[in-house]
Amino acid sequence: MNQYKVDNHLWQLLKAGHETALVSLMQFHYNALYGYGLKISKDVEKTKDAIQNLFTYLWWKRDSLGEVKQVKSYLMTALRHELIKQYHKEGHAIALNVEIEQEPDISFTAEEQLIHTEHLIFKREILVNAVNSLPKRQKEIIYLKFVAELDSEAIATIMGLKIQSIYNLLSEALKTLKTLISTHQVLG
Amino acid sequence: MNIDNNKEQLSFEKLVVSSSFIEWVQHTNQDSADYWNNWLAVNPHQLENIHRAKAFLQLMNGQKELVSYDEIDEQASKLLSTINNQPGKLVDLVPFTQRKFWGLGRVISAASVILVVLATVIFFAKNTYSAEVLSKITKRGERSTIELSDGSTVILNVDSRLDYPREFGTDFRVVALKGEAVFNVQRNERNPFIVKTGDIDIQVLGTSFNISTYANESESTVELLSGAVMVKLNDKEKSIVALRPFEKLIYDKTTHQWKIEQFESEDVIGWKDGLLTFDHTPINEITKELERWFDVKIITENKGVNQQFYTGRFQTTNLDKIISGLCFSWNASYEIKGKNVVIRFRK
């Protein structure tokens with residue numbers, strides 16, 4: 001049985017009031033939620049708290065939960081909302097004329113040992129800087145596609161965009177990246 | 001795969017979304033690795049291009065967060081205490097070991113299987129020094145809940161028997177079952193829990209599952225609700241099968257064939273809440289089940305050559321209601337006299 005089916009079973013059990021189903025859902029998706037949450041909040045404790053809140057909320061609302069197509073993308077969407085909500089609560093928009101943040105700003109980091117291949121060492125700063133220089137939405141798509149390894153439909157759900165926009169933004173992002181990194185030589 | 005005449009420039013955008021290319025970078029598939037290594041040998045002019053794409057995917061891989069199992073369990077307990085409003089309550093915690101089957105693939109599954117083989121061997125070696133063994137036997141029509149010394153609970157269905165030690169030892173927690181039971185096992189990795197039946201042995205870490213091994217049934221089944229179990233079969237190969245939640249192992253005691261199916265949780269463990277569920281179940285299985293539940297003898301007359309089935313769910317408090325419901329759907333008449341039930345089909 002694949003994870004998708006297991007998720008749907010667990011979702012039904014959760015709606016029927018089984019604690020174990022709630023806990024299993026948390027366990028199965030903890031890594032994905034934590035990784036994504038950390039990229040959004042950049043704070044370990046805030047991320048953990050948000051995940052706790054999310055599942056506590058699911059439990060209290062279990063009677064009124066609807067059917068969801070993909071549990072994982074539902075959970076990630078909910079976490080994204082929760083973190084954006086917290087961000088506002090903490091008064092990041094202090095000045096009245098500051099535009100309210102609707103999109104998380106994800107930044108990628110690199111560890112030294114990751115970016116060297118057999119004979120060539122790629123200048124990792126160039127690569128990381130290139131990815132980080134992309135517009136917010138494109139960075140989030142890159143994260144959801146290549147790190148969270150989600151399909152375009154799930155990414156569209158999470159970001160509240162149309163699938164076609166996801167395709168366009170992704171292709172734009174990859175083209176930009178290619179240009180940015182191909183002007184730099186791969187170092188021997 | 002056609003490598004030699006593949007002279008086209010593979011663009012960065014195409015490479016990073018190619019699943020075989022990703023497999024090569026992540027070392028998850030030997031075929032993909034062979035393919036891309038050969039491809040690179042034939043297309044050396046594409047080396048830089050390939051390395052850019054590879055470096056990008058490696059950077060992405062490096063962004064993944066892996067939270068330790070302990071940390072995740074801690075978060076799960078915290079969640080449970082929040083929703084139960086009882087700080088420190090640690091019930092029903094599903095062990096996290098099951099993730100290994102999904103996340104890390106075959107290597108880890110194989111390692112787990114080896115672990116079980118070893119564990120089982122040690123168990124058989126140590127079993128001769130067992131402590132005082134208690135037995136709980138349920139008659140037809142009777143059910144019982146047993147609490148074991150480690151806090152695990154067993155709900156014993158009708159016409160079943162559980163042998164268990166008064167106190168579990170310091171190594172393996174071993175019980176023996178005949179019949180059917182739902183186990184809720186307290187998690188403890190250091191003392192694996194083993195259920196022995198004549199035909200299959202089930203080893204668990206901490207989990208909830210149902211086992212049915214009635215002697216007069218041709219099949220034994222294990223249904224896993226949560227957690228992870230390993231089932232050791234008594235077939236020629238002494239197969240060891242790992243189950244995921246909502247998977248059901250069906251083992252044919254005569255042919256020693258086995259298969260895994262999926263199930264709906266309510267269908268299987270409904271009995272512990274006093275529900276009997278039939279899903280296209282043939283009449284002879286239904287009558288056997290009812291005989292066990294109500295301690296009666298059921299005779300069917302004029303059944304004919306066509307097998308009768310029934311799909312539906314009953315509360316197990318009233319035999320009369322169940323029989324009348326079945327007979328209504330089969331267009332049959334019935335008679336209940338004391339411990340004897342006769343179902344008469346129309347000729």
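Which residue lies over the face of A:Trp59, and at what distance from the ring centre? The residue is A:Arg62, at 3.9 Å from the centre of that ring. The structure discussed here is a predicted model.

**Overall architecture of chain A**

Chain A contains 8 helices and 0 strands. Read from the N terminus, its elements follow the order α-α-α-α-α-α-α-α.

Of its 188 residues, 48% count as buried. The accessible surface of chain A amounts to about 9200 Å², and carbon and sulfur atoms account for 53% of that area. When contacts in chain A between residues at least 6 apart in sequence are considered, 67% of them join residues at least 24 apart.

**Aromatic pairs in chain A**

A pair of aromatic rings is described by the distance of the centres and the angle of the planes. Over all chains, the count comes to 12 aromatic pairs. One of them is formed by A:Tyr30 and A:Tyr34, which are stacked, with 6.2 Å from centre to centre and 20 degrees between the planes. Both residues belong to helix α2 of chain A, which covers residues 19-41. They are 4 residues apart, about one turn of the helix. A:Tyr30 has a relative accessibility of 0% and therefore counts as buried. A:Tyr34 has a relative accessible area of 9%; because buried means under 20%, A:Tyr34 is buried as well.

A further pair consists of A:Tyr36 and A:Tyr143, whose ring centres are 5.7 Å apart. Their planes stand at 20 degrees, and because planes under 30 degrees apart count as stacked, this pair is stacked. The pair links distant parts of the chain: A:Tyr36 lies in helix α2 of chain A, while A:Tyr143 lies in helix α6 (residues 136-147), and 107 residues separate them. A:Tyr36 and A:Tyr143 are both buried.

**Aromatic cluster in chain B**

Which residues of chain B do ring pairs link into a cluster? The cluster is made up of B:Phe21, B:Trp24, B:Tyr35, B:Trp36 and B:Trp39.

**Charged residues over rings**

B:Lys54 lies over the face of B:Trp24, at 4.3 Å from the ring centre. In chain A, the corresponding arrangement is that of A:Arg62 over A:Trp59, with 3.9 Å to the ring centre.

Conventions:
Residues numbered from 1 in each chain as written. Chains lettered and ligands numbered in written order. Predicted model: local features only at pLDDT ≥ 70, side-chain atom pairs only at ≥ 80, totals over all residues. Heavy atoms only, no water. Helix = DSSP H or I, 4+ residues; strand = E, 2+ residues; numbered from the N terminus. Buried < 20%, exposed > 50% of the residue type's maximum accessible area, 1.4 Å probe, protein only. Contact = heavy atoms within 4.5 Å. Areas by Shrake-Rupley, 256 points an atom, 1.4 Å probe, with all protein chains shown as cover. Phe/Tyr/Trp six-rings, centres within 6.5 Å; stacked < 30°, edge-to-face > 60°. Lys NZ or Arg CZ within 6 Å of the ring centre and 35° of its normal.
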